[in-house]
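User: Could you walk me through a few helices and loops of this model?

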Amino acid sequence: MNIKDFEYFYSLTQLQSYTAVANKFDISQPSVSYAVKRLEEEFNCKLIAADPSHRTFSLTEQGEILLSHLKRILPELSSAHKEINRSLAHYSTVGFPPMIMNYLLSFIPENDDKAALFQKIRPIRGGSVELLRLLENGDLDASFVATLGPLSHNGLNLQRLFSSEVFVVMSKSHPLANKEILSFSELIDESFIVLDQHFIHLKAFCELNQKHHNKAEIFFQTDDVDLLKQMLRKNIGISLLADFAFPNDEEKLVKIPLSKGDKIIFYVYLASLKSTILNEDVLNFFDYTTNLLDEK
């Protein structure tokens, strides 16, 4: 069997057009037809329902069965190619949300020889939402990710590292800065500066806002954590940040817990694909970082 035939068939089910598939792969339209014919001969059945008018497109029952398997098989093959290429290049990629990265670095003792393990991996920076997608697509060997609530995923090995409460963060000169606790309803009219769709923080804001009939508005979105904090220090707006994102030596910002009914907890995991074989360097790096957290 030819893997390309499977790819053409899968794309045909998505694009619903022989011409579109031919254009996508830069091949002739008859090549797509021959690929389908080879698969039908291989499985000894019709995969695409015949339509004399060629105006509609539908799969037979057997075509639907093949499609359901290809949805699992093709991503696995793509992941295998990527993982083998990284292995041949002698590097491993690990996803690091910047705030989690900074949090971990804060526990490393000065002149710690084991910190050299960071040199053994290729860090990929990004928000948890983005990194989880890259991991699922096979573009990463592993990743640190934060989620709203406990994470369950059939395709991932998950090690829960810690949990972290989400706080309201603002300048110390903000009128609400002296509050001991805040409900989201008290923040409806505030200008929210939030991390963008690549970060789990945006999901936290949207979840709270939905509970309060979407009355709050986002003033500014960014994927730059440092820029967000700089804007907060200038008292341009307020934000929601996990506790691990708030440095202990912060002088110009204050964090205030949300009320019981609005409280949100992030769960931080170390995740890898079950199909990925992690090399010794990555495993040693994971042992080092988890030991840092255990000792904090």
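Analyst: Happy to! One definition before we start: helix axes are lines fitted to C-alpha atoms over the stretch in contact, and angles run from 0 to 180 degrees between N-to-C directions. Please keep in mind that this is a predicted model.

User: How are the axes of α2 and α3 oriented: roughly parallel or roughly perpendicular?

Analyst: The axes of α2 (residues 18-25) and α3 (residues 29-43) come within 8 Å and cross at roughly 105 degrees. Angles of 65 to 115 degrees count as roughly perpendicular. That makes the arrangement of α2 against α3 roughly perpendicular.

User: How many nonpolar, polar and charged residues does the contact of α2 with α3 have?

Analyst: From α2, Tyr-18, Thr-19, Val-21 and Ala-22 take part, and they meet Gln-29, Val-32, Ser-33 and Val-36 of α3. Sorted by class, the contact has 5 nonpolar, 3 polar and no charged residues.

User: Within what arc do the buried residues of α8 fall?

Analyst: In α8 (residues 225-233), the buried residues are Val-225, Leu-228, Lys-229, Met-231 and Leu-232. Viewed down the helix axis they line one face, because they fall within an arc of 160 degrees.

User: Which residue caps the N-terminal end of α8?

Analyst: Look for a side-chain oxygen 3.0 Å from the backbone nitrogen of Asp-226.

User: Is His-213 buried or exposed?

Analyst: His-213 sits in the loop between α7 (200-211) and β6, and its phi is positive, near 60 degrees. Its relative accessibility is 63%, and over 50% counts as exposed. So His-213 is exposed.

Note on methods
Residues are numbered from 1 along each chain as its sequence is written. This is a predicted model: local features need pLDDT of at least 70, side-chain atom pairs count only at pLDDT 80 or more; totals for chains, interfaces and linings use all residues. Side-chain values use heavy atoms; hydrogens and water are left out. Buried means under 20% relative accessible area, exposed over 50%, partly exposed in between (1.4 Å probe, protein chains only). Helices (H or I, at least four residues) and strands (E, at least two) are DSSP runs, numbered from the N terminus. The arc is that of the directions from the helix axis to the C-beta atoms. A polar contact is a pair of N or O atoms within 3.5 Å; within protein, one must be able to donate a hydrogen and the other to accept it, and residues adjacent in sequence count only if both atoms are side-chain atoms. Angles under 35 degrees count as roughly parallel, over 145 as roughly antiparallel, 65 to 115 as roughly perpendicular and the rest as oblique. Contact means heavy atoms within 4.5 Å. Ala, Val, Leu, Ile, Met, Phe, Trp, Tyr, Cys and Pro count as nonpolar, Asp, Glu, Lys and Arg as charged, and the others, Gly among them, as polar.
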